[in-house]
Amino acid sequence: AGNHTLLTDFVLSGLSSRPELQHLLFFTICLVYTMTLTGNLLICLVTVHPALHMPMYFFLRVLSLLDISTASVVVPKMLVNFLSEDWSISYLGCATQLYFVVFLAATEWYLLAAMAYDRYVAVCSPLRYAAIMDTRACLSLVLLSCCSGKVVSVLQTAWVLTLSLCGPRRINYFFCDIPPLLMLSCTDTSLYEKQLISATVLVILTPFCLILLSYTCIISSILKISSAESRHKTFSTCSSHLTVVTLYCASGTLIYLQPKSSHSQDTKKILALIYTTVIPTLNPLIYSLRNKEVKEVLIRVMAVLMKK
């Protein structure tokens, strides 16, 4: 890389290079981000209510905090860029953004697997549920998810930063992520790409398979329930979880299994937008606001706030 100038900062191209779309994109993304913050903060507020003192709602609260963090790592910088002529980001800023994006994404995957296990125990071993999913078990699963996410993020970020990134300076993306940074490398990245595929299998596909296994057992148990109403309620809760997981898995694997594939960058931008911006907005709606217990507590909380 002796003939190359190593990069000290980058320029993000954003979602679109068309000037006439910048203000429309700003207001659209700003609206989505506001919905993300409002919905997830509402879930955090409601799930601390004593009536919802159960493992499922504890995991939902952690999931909401992760979703707020994921959107906040990506969206504010993107919103500033929509209204600015300077779309640059420093090398340190890019590395920091990359670290937190990978950390939060990996942690969320492990948490989703923990949530699937929680639903499996609740449906398949209801009499032992309280004993198995006690406070210590729940905290351990969350801590394990965070530690695993941190290990993955440290390794991936460190590996990317060891690559010689020499240009072009422009990143054809709206935030710093692994695939667009690999495009800037002036060294052979084949070894790293193989490692990234292994990491994707470990972080995304392995939890996804465990989640599918949990739901196979859950569906089998649901079919044995005699009450149609109980069957519908249980299936509705589980199908919501599986919907988010499938959407998240599809977008993640298409981006990271082939980091330098022939897929257009515009397609990858849309997929990245789904898992960093859209899914954090959908989670409160899919997981919580369709839940009867959550809605009842929410109505009570809103009534108290209105009286004040």
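Helices here are DSSP runs of H or I with at least four residues, strands are E runs of at least two, and both are numbered from the N terminus. Keep in mind that this is a predicted model: local features need pLDDT of at least 70, side-chain atom pairs count only at pLDDT 80 or more, and totals for chains, interfaces and linings use all residues. Residues are numbered from 1 along each chain as its sequence is written, and side-chain values use heavy atoms, with hydrogens and water left out.

Let's start with the annotated spans. An unreviewed UniProt entry puts the label "transmembrane region" on residues 24-46, 58-78, 98-117, 138-161, 197-223, 235-258 and 270-289; the positions follow the numbering used here, feature names are shortened, and such annotations may be inferred rather than shown by experiment. Take residues 98-117: that span is 100% helix and 0% strand, with its end C-alpha atoms 29 Å apart. Residues 138-161 also come out at 100% helix and 0% strand, and there the end C-alpha atoms are 35 Å apart.

Now for the cysteines. With a disulfide taken as a pair of cysteine sulfur atoms within 2.5 Å, the count comes to 1 disulfide. It joins Cys 94 and Cys 176, whose sulfur atoms sit 2.0 Å apart. Cys 94 belongs to helix α3 (residues 91-124) and Cys 176 to the loop between β3 (170-171) and α6 (178-182), so the bond links distant parts of the chain, 82 residues apart. The torsion about the S-S bond is about -120 degrees, which makes the disulfide left-handed. Cys 94 is buried at 2% relative accessibility (buried means under 20% relative accessible area, exposed over 50%, partly exposed in between, using a 1.4 Å probe and protein chains only). Cys 176 is buried too, at 0%.

What about Cys 249? Its sulfur is 8.1 Å from the closest cysteine sulfur, in Cys 209, and that is too far for a bond. Cys 249 is buried, with a relative accessible area of 7%.

On to the rings: the whole structure holds 13 aromatic pairs. Rings of Phe, Tyr and Trp (its six-membered ring) pair if their centres lie within 6.5 Å; planes under 30 degrees apart count as stacked, over 60 as edge-to-face and the rest as tilted. Trp 109 and Tyr 248 are stacked, because their centres are 5.3 Å apart and their planes meet at 15 degrees. Trp 109 is in helix α3 and Tyr 248 in helix α8 (residues 228-256), so this pair ties together parts 139 residues apart in sequence. Both residues, Trp 109 and Tyr 248, are buried.
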